[in-house]
Amino acid sequence: MNVASILKVKGKSVATARPDETVEAVAQKLAARKIGAIVIVGDGGHVNGIISERDIIRAISSNGASALTLPVGDIMTKNVMSCHEASTLEQMMAVMTQGRFRHVPVIEDGSLVGIISIGDVVKHHIAEVEMEVTAMRDYLATG
Ligand code: AMP
């Protein structure tokens, strides 16, 4: 199982914002879409960073309510770990576990073509394990 097959099921749409949008505007986008992270894109559609609900909580904890008026570019994570459509489910689990984050943008030839969340990874991993169990049961039953 690889990222391309996950994107076939979930689609390639990615929630994005520009670095000059306020933290409040991005928080509203997260809430409206019921998602946990947004990819920040600059001119030419290049990925500049990523912001998750955790970054917003951290900024409010440090700056109080005034954090909401900051440009999101000031509090985003700039060193974004991305993956490719050919990346495997096992590689995604390792990247998320080691990096301690739950979202990985998919980039092909410099363009953002999707995003994988830990929910997608868990869902497809469970499906894969269930398929293996069924195959082993069939094998044992038929000898
Ligand atoms: P998350 O688990 O996605 O809510 O993110 C936890 C922290 O990791 C936040 O500070 C995010 O900005 C950061 N983060 C999320 N995704 C990535 C990623 N793909 N690469 C680097 N940092 C990330």
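Let's start with the largest pocket. It is lined by 16 residues, and I50, S52, D55, T77 and F101 lie nearest its centre. Keep in mind that this is a predicted model. Which elements give two or more residues to that lining? They are β3, α3 and β4. The space in the pocket comes to about 310 Å³. By type, its lining divides into 7 nonpolar, 4 polar and 5 charged residues.

Now, what takes up the largest pocket? The ligand does. There are 13 residues around the ligand, and S52, D55, T77, R102 and H103 come nearest. This shell divides into 6 nonpolar, 4 polar and 3 charged residues. β4 gives the largest share, 3 residues.

A polar side-chain atom of S52 lies 2.8 Å from an oxygen atom of the ligand. R102 also reaches a ligand oxygen, with a side-chain N or O atom at 2.7 Å. M81 uses its backbone: a polar atom there is 2.8 Å from a nitrogen atom of the ligand. How much of the ligand's accessible area does the protein cover? The answer is 93% of the 480 Å² that the ligand has on its own.

Last, the second largest pocket. Its space is about 180 Å³. Of its 14 lining residues, K10, S13, A15, I35 and I115 are closest to the centre. Strand β5, residues 111-117, supplies the largest share of the lining, with 3 residues. The lining here divides into 6 nonpolar, 5 polar and 3 charged.

Technical notes:
Residues numbered from 1 in each chain as written. Predicted model: local features only at pLDDT ≥ 70, side-chain atom pairs only at ≥ 80, totals over all residues. Heavy atoms only, no water. Near = heavy atom within 4 Å. Polar contact = N/O pair within 3.5 Å; in protein donor to acceptor, adjacent residues only side chain to side chain. Areas by Shrake-Rupley, 256 points an atom, 1.4 Å probe, with all protein chains shown as cover. 1 Å grid on protein atoms, 1.4 Å probe; cavity = no way out; pocket = protein on both sides within 12 Å on 5 of 7 lines; lining within 4 Å. Sits in = over half its atoms within 2 Å of the grid points. Helix = DSSP H or I, 4+ residues; strand = E, 2+ residues; numbered from the N terminus. Nonpolar A, V, L, I, M, F, W, Y, C, P; charged D, E, K, R; others polar. Points joined across faces, edges and corners; volume = space filled by probe spheres on them.
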